[in-house]
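Please consult the sequence and structure shown below.

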Amino acid sequence: MTTTTAVRPTRPRPAPAGKRHTGSRAKAWATRAPLLPALVFLIAVTQLPFVATLVISFFDWNSLKPDQRHFTGFANYGSVFTDPALRDSVVTTVLLTATVVIVSVVLGLAFALLLDRTFFGRGFVRTLLITPFLIVPVSAALLWKHALYNPEYGLFNGALTWFGNLFGIDSMAQPEWTSEMPLMAVAAALVWQWTPFMMLILLAGLQSRPAEMMEAARLDGAGAWQVFRFLTLPHLRRYLELGVLLGSVYIVQNFDAVFTITAGGLGTANLPYTVYETFYRAHEYGLASAVGVVVVIGTVIIATFALRVVSSLFREEASRA
């Protein structure tokens, strides 16, 4: 009688914990190694200059008097929040940013709702609406200053003259746009350039709405306003937050429009322009560095909220998928 013995397969013996740990570390470093040159470059380009700016901000340093440089601690930061001119630039920055962001979001939402519909030539219209965002900021500011705002040959005053002639009004007012309403002139140029950015974000939000939910609401008899109020707006909340936060990050740092259109005069000097004035014209390196650090800290705070909104959007999309 023959007996067969079952042969049990031998399991590979697990590697010791130390070797596993060493292997995982080596694999992690092999994955991250190609990124190290980019990380070093990023630190050298962004972080080291910021550290240098932070150090300079603690000194009373005027380039015209290099021998009188001395450490002053937080005195420059005290000047940032107590000097009337710097306080005015903070108020101007907040007012300009809030105006541009709110108007851009409202107009961007209107254009996004328009482009969410199907009509002939929608691609061409979308391209036209995106174009202002693709123009170089200095070029856009020069366009508004000379082609639109100029009191002699600008488009706005030309349109007023044509409108007056159409209705028989000979002496139509020809306003000096940049001197009579300077902050509004800067804000209008920025709104024109940043509305396409808001439109693209909100259009992406509109096109990510669940089609079944929208169709069910229409079958239940919901009107256009009810669909917009109870379904579209709640769905767009994260996209609206993202647009507001990203727009605020960029517009707080805007320098081109203020410098080009008004040269910081007539109450339009924001914080970036004040840094330029303090650094390059007054040669106060320490005070200008303190203002720059304040701007960076404010921008980082806004950007932190923006990143949280972006991550929550990604989580919502992942859970939906």
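By class, the 18 residues around the largest pocket comprise 10 nonpolar, three polar and five charged residues; Ala, Val, Leu, Ile, Met, Phe, Trp, Tyr, Cys and Pro count as nonpolar, Asp, Glu, Lys and Arg as charged, and the others, Gly among them, as polar. The model is predicted: local features need pLDDT of at least 70 and side-chain atom pairs pLDDT 80 or more, while totals for chains, interfaces and linings use all residues. Residues are numbered from 1 along each chain as its sequence is written, and side-chain values use heavy atoms, without hydrogens and water.

**Pockets**

A pocket is an open set of points on a 1 Å grid over the protein atoms alone where a 1.4 Å probe fits, with protein on both sides within 12 Å along at least five of seven lines; its lining residues have an atom within 4 Å of a point. Volume is the space filled by probe spheres set on the points, which are joined across faces, edges and corners.

| Pocket | Volume | Lining residues |
|---|---|---|
| Largest | about 420 Å³ | 18 residues |

Nearest the centre of the largest pocket lie Leu-113, Asp-116, Arg-117, Arg-209 and Arg-218. Two or more lining residues come from each of α9 (182-207), α10 (211-219) and α11 (224-252), and α11 has the largest share, with five. Helices here are DSSP runs (H or I, at least four residues), numbered from the N terminus.

**Helix packing**

Axes are lines fitted to C-alpha atoms over the stretch in contact, and angles run from 0 to 180 degrees between N-to-C directions. The axes of α10 and α11 lie 11 Å apart at an angle of about 150°, so the two helices are roughly antiparallel (over 145 degrees).

Helix α4 (residues 84-115) packs against α9 at about 45°, with their axes 6 Å apart. The contact of α4 with α9 involves 22 nonpolar, five polar and no charged residues.

Terms used. Angles under 35 degrees count as roughly parallel, over 145 as roughly antiparallel, 65 to 115 as roughly perpendicular and the rest as oblique.
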